[in-house]
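Here are my notes on the model you sent. Please read them with the structure open beside you.

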Amino acid sequence: MQESSAAFPGPDLKEKLLKPARDIRSILRWGYPKFATIRFVADHSQLSVEERHILTRVIMPPEKVVSRIRKKTACDDIKNRDLLLDGYNVLLSVDSLLKNEPMWFCDDGYIRDTRYYFSKTNQAEDIEEALDSVLEYLSEARPKSATFLLDSQISRSGELAGFIRYKLEEHRIPGEARTSKTADFDLKTEGGNPEKNLIVATSDGIVIDSVLQVLDVPACLMKKMEIEPIRLY
């Protein structure tokens, strides 16, 4: 399959980052800390802040890779399952995809974008198209329920939760949308409870490490759209 130009930043950036990425992975295999290793290699390669950010998002220590990959749930394997979505994480990532931002295949098997979210408030005001894309996928995948969890500390999260509830009903998807002051804690606690048996939709590594099963929604949409992510190999 061809890599779509819609999700590809150009060969020069990928080519520039290939050797630093390989060097960082080689050093990490010896057990050195991730961030210090990236800083060391990036300084030596004279990389920009944006290029360092990409490497930080894409490259993972070996001990994280296997455990995170094992938690991945197939895109077509959520039928009749309860789904808990990391609301802003999923919607902003899908928004990046729809806006033709680069989408990277990371070492732990998950798709991540590398936009800077300096102001999630402004980003969150323009994600209706992303929400519709997610809900169309869920309509086809047919989970038992879909619950969107939003960080209440982000402005207008309550309004967005209400809008998501309206759209869930419009798409005839059982579920809800709620806000929380401790969204990450709630995701980890509920997703890590074997009695709840939830699938958590997120690409947040800290959340992934704490839950039992994970769905990569951007990867599912990219598969449907026949878009290949960028790979630093």
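1. The model is predicted.

2. How many disulfides does a search of the whole structure find? It finds one. The disulfide joins C75 to C220, with an S to S distance of 2.1 Å. A disulfide is a covalent bond between the sulfur atoms of two cysteines. The torsion about the S-S bond of C75 and C220 is about -95 degrees, so this disulfide is left-handed.

3. Where do the two partners sit? C75 is in the loop between α4 (62–70) and β1 (82–86), while C220 belongs to helix α11 (residues 217–225). The pair therefore ties together parts that are 145 residues apart in sequence. C220 has a relative accessibility of 6%; buried means under 20%, so C220 counts as buried.

4. C106 is in no disulfide. The nearest cysteine sulfur to that of C106 belongs to C220 and is 15 Å away, whereas a disulfide needs two sulfur atoms within 2.5 Å. C106 counts as buried, because its relative accessibility is 0%.

5. Helix α11 also packs against another helix. The axes of α7 (residues 128–141) and α11 come within 11 Å and cross at roughly 80 degrees. Angles of 65 to 115 degrees count as roughly perpendicular, and α7 and α11 are therefore roughly perpendicular to each other.

6. Which residues make this contact? From α7 they are S133, V134, Y137 and E140, and from α11 they are V217, C220, L221 and K224. The contact residues divide into five nonpolar, one polar and two charged.

7. The largest nonpolar core has 38 residues. Those with the most contacts inside this core are V134, L138, F148, I164 and L215. Elements that each supply at least two residues include β1, α5 (87–98), β4 (145–151), α8 (157–170), β6 (199–201) and α11. Helix α7 gives the most, with seven residues. A second, separate core has 17 residues, among them L17, L18, A21 and I59.

8. L215 deserves a look of its own.

9. T73 is found in the loop between α4 and β1. At 10% relative accessibility, T73 counts as buried. Beyond its neighbours within four places in sequence, T73 is in contact with I78, I199, Q213, V214 and L215.

10. Two residues other than glycine have a positive phi. R156, in the loop between β4 and α8, has a phi near 70 degrees. E226, in the loop between α11 and β8, has a phi of about 60 degrees. Are these residues partly exposed or exposed? R156 is partly exposed, with a relative accessible area of 46%, and E226 is exposed, with 55%.

11. I230 is in strand β8 (residues 230–231). With a relative accessible area of 0%, I230 is buried. The C-alpha atoms of I230 and S210 are separated by 27 Å, and the two residues are 20 apart along the chain.

Notes: Residues numbered from 1 in each chain as written. Predicted model: local features only at pLDDT ≥ 70, side-chain atom pairs only at ≥ 80, totals over all residues. Heavy atoms only, no water. Helix = DSSP H or I, 4+ residues; strand = E, 2+ residues; numbered from the N terminus. Buried < 20%, exposed > 50% of the residue type's maximum accessible area, 1.4 Å probe, protein only. Axes fitted to C-alpha atoms, helices over the stretch in contact; angles between N-to-C directions. Parallel < 35°, antiparallel > 145°, perpendicular 65-115°, else oblique. Contact = heavy atoms within 4.5 Å. Nonpolar A, V, L, I, M, F, W, Y, C, P; charged D, E, K, R; others polar. Core = buried A, V, L, I, M, F, W, Y, C linked by side-chain atoms within 4.5 Å.
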